[in-house]
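Here are my notes on the model you sent. They are set out as numbered points, to be read alongside the coordinates.

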Amino acid sequence: MIKDIINTLNKELPATVKLVAVSKFHPFESIEEAYEAGQRIFAESRPQELLAKVRHLEEIRLERGDDYMADIKWHFIGHLQTNKLKMVLPYVSLVHSVDSERLLTAIDSWGAANGKVIDVLLEPHVASEESKQGFSPSEIYDIMDAASSDERRYGNIRFKGIMGMATFTDDESVIRRDFSALRDIHEKVRLSYPSVAEDFTELSIGMSDDYPIALEYGSTMVRIGSMIFGARNY
Ligand SMILES: *Cc1c(COP(=O)(O)O)cnc(C)c1O
């Protein structure tokens, strides 16, 4: 079942689009099943759950005495508190959900202290819901100004692109408006900041219910959970 959906998605998605399997609230066995179907990128949204799965995999490797699932990649897509960085940053290859200057600065400091450059996406807020976190477009450009100016802020951050969510609605025109706004921010950064543009290639938009629309707006990464793994038991 999981395998069939992964295969179908791989046929449907353009070769330039990465499939990020959102495994939050699903057991490790589901991740193994997807991995067997060729899936390599998995995303979690809670530090504790990510860490539990990483540790579980380490235990399996110890038992087996090999490097089981050696090329699995973890992404982080949830709200990240600055006191939880050490539970997340050592294990993930990309943080999608950097939604404040405070968090960005904390990640940069962690990278400096640990001799690492962290790949991140910036999350602007474009959806209509008040509750959703994220930057205003102008805050994104301020960060890019600081990163590309002579002061060269954020030396331990690699800016990989933009992540975003559309308003939760059945109104397709609203979803299109939101994806269009996210695409415009991504493009404006690429055009206005040539020194970061080389790395700034990713546009992480599209989930189970709206990824076909996101593809029309230039998505390079779709984050799909329930369609692959089924409904989540919160
Ligand atoms: C849970 C989650 C997803 C996956 O949502 P589905 O509707 O299950 O595909 C994608 N992105 C983020 C940020 C999430 O928290």
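1. A backbone N or O atom of Gly225 lies 2.8 Å from an oxygen atom of the ligand.

2. The model is predicted, with local features requiring pLDDT of at least 70 and side-chain atom pairs counted only at pLDDT 80 or more, while totals for chains, interfaces and linings use all residues. Residues are numbered from 1 along each chain as its sequence is written, and side-chain values use heavy atoms, with hydrogens and water left out.

3. Which residues surround the ligand? They are Val22, Lys24, Ile77, Met163, Met165, Met207, Ser208, Arg223, Ile224, Gly225, Ser226 and Arg232, where a residue is near the ligand if one of its heavy atoms lies within 4 Å of it. By class, this shell has six nonpolar, three polar and three charged residues. Ala, Val, Leu, Ile, Met, Phe, Trp, Tyr, Cys and Pro count as nonpolar, Asp, Glu, Lys and Arg as charged, and the others, Gly among them, as polar.

4. On its own the ligand has 390 Å² of accessible area, and the protein covers 90% of this. The areas come from the Shrake-Rupley method with a 1.4 Å probe; for residues, only the protein chains shown count as cover.

5. A search of the whole structure finds two aromatic pairs. Rings of Phe, Tyr and Trp (its six-membered ring) pair if their centres lie within 6.5 Å; planes under 30 degrees apart count as stacked, over 60 as edge-to-face and the rest as tilted. Phe42 and Trp74 make a tilted pair, 6.4 Å from centre to centre with 55° between the planes. Phe42 is in strand S2 (residues 41–44) and Trp74 in strand S3 (residues 73–76), so the pair ties together parts that are 32 residues apart in sequence. Helices (H or I, at least four residues) and strands (E, at least two) are DSSP runs, numbered from the N terminus.

6. Phe42 and Trp74 are buried; that means under 20% relative accessible area, with exposed over 50% and partly exposed in between (1.4 Å probe, protein chains only). In the pair of Tyr154 and Phe159, the ring centres are 6.0 Å apart and the planes stand at 85°, so this one is edge-to-face. Both Tyr154 and Phe159 are buried.

7. Charges also sit over rings, the criterion being NZ of Lys or CZ of Arg within 6 Å of the ring centre and within 35 degrees of the ring normal. Arg153 lies over the face of Tyr154, 4.5 Å from the ring centre. The charged end of Arg46 is placed over the ring of Phe25, at 4.0 Å from its centre.

8. Most residues other than glycine have a negative phi. Phe25 has a positive value, near 65°. Phe25 sits in the loop between strand S1 (18–22) and helix H2 (28–36) and is partly exposed, at 24% relative accessible area. Met69, also not a glycine, has a positive phi of about 55°. Met69 is in the loop between helix H3 (47–64) and S3. Is Met69 buried or exposed? Met69 is buried, with a relative accessible area of 3%.

9. Thr220 is in the loop between helix H9 (211–216) and strand S8 (221–224). Thr220 is buried at 15% relative accessible area, and its side chain makes a polar contact of 2.6 Å with that of Glu202.

10. Lys18, in strand S1, is partly exposed at 32% relative accessibility. The C-alpha atoms of Lys18 and Met221 are 4.6 Å apart, although 203 residues separate the two along the chain. Pro194, in helix H8 (residues 194–197), is exposed at 61%. Its C-alpha atom is 8.8 Å from that of Ser148, 46 residues away along the chain.

How values were computed:
Polar contact = N/O pair within 3.5 Å; in protein donor to acceptor, adjacent residues only side chain to side chain.
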